[in-house]
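Here is a friendly walk through a protein model, topic by topic. Keep the picture beside you as you read.

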Amino acid sequence: MATIGTDIQAAKSFLEQNELVAIPTETVYGLAGNAFNTEAIAQIFEVKNRPAFDPLIVHTHSLHEVKKIVKALPEKALQLAEHFWPGPLTLLLPKQSSIPDLATSGMSTVAVRIPQQPLTLELLKSLTFPLVAPSANPFGYVSPTTAQHVEDQLGHKIPYILDGGRCAVGIESTIVGFENGQPVIHRIGGCGREDIEAIIGKVKLMAHSSSNPKAPGMLKSHYSPGKKVVLGQLKELIEKYNNDRTGILAFKEPMPGINPKHQIVLAPDGSLTTAAKNLFSALREMDKMDIDIILTEKVPERGLGLAINDRLKRAAAK
Ligand code: TXA
Ligand code: MG
């Protein structure tokens with residue numbers, strides 16, 4: 001069992017001893033360690049059971065700190081940074097040698113972001129090093145959006161969970177890289193494509209891959225609960241699959257004739273912000289229900305909807 005609390009000093013002192021601490025961010029909880037220390041980094045891969053080819057995101061508290069760990073900041077990257085940080089955006093930038101190759105899986109770029117979460121920002125400011133932090137879940141499983149989610153799966157492996165309450169956004173950061181100066185979205189997340197394009201113009205969206213090492217974060221099957229997930233039109237899916245062990249994850253309205261105990265509505269208010277915030281805890285809750293299959297539907301494909309549909313598709317890919 002980890003200690004769950006809001007003691008920044010305690011978190012700081014574990015991190016200074018190269019131990020791991022779970023930290024809240026506005027997107028999801030991260031499993032954090034000293035970004036300059038290879039032992040801490042190695043532990044992160046071990047605790048998450050994460051393959052070594054999947055690189056980590058470095059978290060800092062200011063653009064000044066980011067500049068210390070990257071070799072260059074292309075004009076469009078700077079515009080995005082100034083507009084969205086602190087916030088749910090990660091930039092892939094050429095790395096300095098101070099960031100160990102282990103953190104970037106040998107890649108020449110490093111993923112960086114400034115999160116928008118008061119406790120974590122205060123913690124980052126108090127440290128003399130940045131923090132590498134992947135989502136604090138076992139590899140391939142749904143990301144955690146509360147301290148209790150982290151405790152449920154990793155609590156026996158780490159000493160401390162900094163509790164920032166429920167994550168405000170609830171879905172991972174949008175990752176943007178640059179190819180010959182041209183922006184490419186590697187993972188759609190809490191920062192909308194339209195919002196990014198409003199700042200820097202057209203941005204390509206990278207396709208999913210089960211093997212392409214250039215896109216390690218884009219594995220086709222990911223973010224999966226243990227149960228089988230089927231994505232489609234709920235009415236049709238219910239006709240095909242319904243029995244007393246079927247669960248429904250609906251966008252804004254429950255489905256008639258289905259046991260209410262086996263249904264979760266993501267956003268009764270119809271808002272994509274609400275849906276994103278509830279998505280991962282809903283998947284975890286459904287995983288615990290006495291059901292065999294989760295039937296779910298896409299949300300409108302705009303704003304946060306792109307990221308929600310992306311996670312649903314990947315949860316459904318087996
Ligand atoms: O919102 C978030 O981004 C959360 C919070 C904790 O900050 N973190 C997160 O980390 O989602 P993680 O490790 O679960 O996902 C990071 C993704 C990985 O899929 C990884 O492959 C990709 O970022 N990534 C990291 N460095 C990369 C690089 N240099 N090139 C391409 N992809 C990279
Ligand atoms: Mg993750």
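A salt bridge is a side-chain nitrogen of Lys or Arg within 4 Å of a carboxyl oxygen of Asp or Glu. By this rule the model has 12 salt bridges. This is a predicted model, in which local features need pLDDT of at least 70 and side-chain atom pairs count only at pLDDT 80 or more, while totals for chains, interfaces and linings use all residues. Residues are numbered from 1 along each chain as its sequence is written, chains are lettered from A and ligands numbered from 1 in the order in which they are written, and side-chain values use heavy atoms, with hydrogens and water left out.

**Salt bridges**

- Side chains of opposite charge can pair when their charged atoms come close.
- Lys 12 and Glu 16 make such a pair, with their closest N and O atoms 3.2 Å apart.
- Both Lys 12 and Glu 16 belong to helix H1 (residues 8-16), where they sit 4 residues apart, about one turn of the helix. Helices here are DSSP runs of H or I with at least four residues, strands are runs of E with at least two, and both are numbered from the N terminus.
- An α-helix has 3.6 residues a turn, so residues three or four places apart point the same way.
- Are Lys 12 and Glu 16 buried or partly exposed? Buried means under 20% relative accessible area and exposed means over 50%, with partly exposed in between (1.4 Å probe, protein chains only). Lys 12 is buried, at 18%, and Glu 16 is partly exposed, at 43%.

- Helix H10 covers residues 305-316, which makes 12 residues. From first C-alpha to last, H10 reaches 16 Å, close to the expected 16 Å; the expected span is 1.5 Å times one less than the number of residues.
- H10 is mostly covered, with 10 of its 12 residues buried. Among them are Gly 305, Leu 306, Ile 308 and Leu 312.
- What covers the buried residues of H10? The cover includes helix H7 (193-200), helix H9 (272-288), strand S10 (182-187) and strand S13 (246-250).
- Asp 310 forms a salt bridge with Arg 311, at 2.5 Å from N to O, and both residues are buried.
- Arg 314 also forms a salt bridge with Asp 310, at 2.9 Å. Arg 314 and Asp 310 are 4 residues apart in H10, about one turn of the helix, and Arg 314 is buried, as is Asp 310.
- Which residues are linked in a network of salt bridges? They are Glu 172, Asp 310, Arg 311 and Arg 314.

**The sheet**

- Strands of a sheet pair through backbone hydrogen bonds, either parallel or antiparallel. Two strands count as paired if DSSP finds at least two bridges between them.
- An open sheet of 11 strands runs in the order S1-S8-S2-S3-S7-S4-S6-S5-S9-S10-S11, with mixed pairing.
- Strand S1 (3-5) and strand S11 (204-205) stand at the edges with a single partner strand each, so one side of each has no neighbour in the sheet.
- Strand S3 (residues 30-34) pairs with strand S7 (residues 131-132) in the antiparallel sense, over 2 bridges. Gly 33 stands opposite Val 132 in S7.

**Nonpolar cores**

- A nonpolar core is a set of buried Ala, Val, Leu, Ile, Met, Phe, Trp, Tyr and Cys residues joined through side-chain atoms within 4.5 Å.
- Which members of the largest core, with its 76 residues, touch the most other members? They are Leu 91, Ile 196 and Leu 249. The largest share of this core, 8 residues, comes from H9.
- Apart from this core lies another, of 16 residues, including Ile 8 and Leu 119.
- Leaving aside neighbours within four places in sequence, Leu 91 is in contact (heavy atoms within 4.5 Å) with residues including Ala 77, Trp 85, Val 110 and Phe 178.

**Cysteines and Thr 120**

- A disulfide is a pair of cysteine sulfur atoms within 2.5 Å, and the structure holds 0 of them.
- Cys 167 is in no disulfide, and its nearest cysteine sulfur, that of Cys 191, is 16 Å away. Cys 167 is buried at 2% relative accessible area, and Cys 191 is buried at 3%.
- Thr 120 is found in helix H5 (residues 118-126) and is buried, with a relative accessible area of 0%. Beyond its neighbours within four places in sequence, Thr 120 is in contact with Ile 23, Pro 24, Pro 115 and Leu 162.
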